[in-house]
Amino acid sequence: MTLSPDEIRAELDQILPRRTPDMKMTTMGAGSDDLEDGRRYLAATVAGGWGVPSWPAGLGGRGADPNEAKTIGTVLREYAVPDLYAYAVGLGMVGPTVLAHGSEEQQQRWLHNIASGAEIWCQMFSEPEAGSDLANLAMRAERDGDEWVLNGQKVWTSRGLYAQWGLCLARTDPEIPKHRGLTMFGIRMDTPGVEVRPLVQMNGDQHFAEVFVTDARVPLDALIGDIGIGWNVAMTVLAHERALAGESRGGGDGAARNERVPRWIQELRPTGVVGDSLWRQRMMSVHAADEVSKWTSSRAAASRNPGPAGSGAKLRKVASYKGRAYTSTDAQGAAGMLSDADGFIELVTAPSMSIRGGTDEIQRNIVGERVLGLPGEPRVDRDIPWSESRRGAR
Ligand SMILES: Cc1cc2nc3c(=O)[nH]c(=O)nc-3n(C[C@H](O)[C@H](O)[C@H](O)COP(=O)(O)OP(=O)(O)OC[C@H]3O[C@@H](n4cnc5c(N)ncnc54)[C@H](O)[C@@H]3O)c2cc1C
């Protein structure tokens, strides 16, 4: 039975406080490595499956169809939902991927713990020479009896400092073309041989890390999907990441749906720009782009496999995040550059939005090739064994 918004409110009122106008929220966890608010919220919502309504009941969700899940998401924006950035890899990427590619045992082992906030995941894809060209990665996984042995280095691992699990893409066969020799693993971050070294970002985040992996032994059932289909699994992960980019589940973006004037514009009132027609035009054009971006993101996120729609959604999301951040800073004049200015954290987080989850240029390549049908880029190493490629041959 599909619940109406009022029925959803009646349930949520029992477990969550309503959002109040004075609540300030961070976006993308920026500048705050706090885990507790998110953990409390997820622990409170998991029994009703409210946090991830489309996941199966019993695995942290409530088996909602896409329409009902969307209604729940919209109603949740009326409540005090914290920024769930720390939990976003698990909730937004690992969960849907394990539902699509994982075994039943893996779904049982991981999903409820993700939905309840008991376990945090990080994404171990990028390497020093494999970012945009992810399929070129060199982390090796070799079978040894009943275990896989992993060796290599990851970098730019957000949440690496506090995650219990890592979603790790590794090369299981260097003798075939690069995309085909990859396999996905779910590994415990406290496995002996996994060393996390934090890197501090300019917005103050400290959870970002390099991860060095030396003879780390993981069990056979750490594999997500079959051996050699890691690229397909990674594409599922990335499409979900892009669809969700910049989205802090449940309204952490600070724009409550039922407010006619978005919060970030209301907060600019003291600067005087709200009364100026040219400024109003600029703010409303950012707001309009922001709304379109939310619709594009929710359309992409509603799909079990968002594919290239995720890239279109990410490009829009990045543009609207930057638009808001730069408009807010400009409106405050020179004072906007001070580290205690309103929106300063967003200002120093904004540039990274065009890089994380795949750069703007890469998203445009995907949209160009897979949506518009434009000719592909020349790719010289796609059909040769990875071991004979520039990197693999070293
Ligand atoms: C804040 C932040 C968080 C991140 N979190 C994670 C994480 O949790 N896990 C993870 O695995 N990774 C993470 N990353 C890494 C991110 O995915 C990579 O930085 C990104 O994919 C780009 O790779 P690169 O840095 O190696 O740049 P490169 O791939 O070396 O690219 C350099 C420049 O060349 C351009 N370029 C490259 N190839 C092409 C092409 N074919 N066509 C046109 N232009 C091209 C790029 O657009 C870019 O401007 C994070 C990055 C940031 C900034």
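At what angle do helix H4 and helix H5 pack, and how far apart are their axes? In this predicted model, local features require a pLDDT of at least 70 and side-chain atom pairs count only at pLDDT 80 or more, whereas totals for chains, interfaces and linings use all residues. Residues are numbered from 1 along each chain as its sequence is written, and side-chain values use heavy atoms, with hydrogens and water left out.

Helix H4 (residues 88-101) and helix H5 (residues 104-115) pack at about 160°, with axes 10 Å apart. Helices are DSSP runs (H or I, at least four residues) and strands likewise (E, at least two), numbered from the N terminus. Axes are lines fitted to C-alpha atoms, for helices over the stretch in contact, and angles run from 0 to 180 degrees between N-to-C directions. H4 and H5 are therefore roughly antiparallel (over 145 degrees). Contact (heavy atoms within 4.5 Å) involves Gly90, Leu91, Val94, Gly95, Val98 and Leu99 of H4, together with Gln106, Gln107, Trp110, Leu111, Ile114 and Ala115 of H5.

Five aromatic pairs are found in the whole structure; rings of Phe, Tyr and Trp (its six-membered ring) pair if their centres lie within 6.5 Å, and planes over 60 degrees apart count as edge-to-face. The rings of Trp110 and Trp165 have centres 5.4 Å apart and planes at 75°, so this pair is edge-to-face. Because Trp110 lies in helix H5 and Trp165 in strand S4 (residues 165-171), the pair ties together parts 55 residues apart in sequence.

The protein chain averages a pLDDT of 90, and 93% of the residues score at least 70; pLDDT is the predictor's confidence in each residue, from 0 to 100.

Note on methods. Parallel < 35°, antiparallel > 145°, perpendicular 65-115°, else oblique. Phe/Tyr/Trp six-rings, centres within 6.5 Å; stacked < 30°, edge-to-face > 60°.
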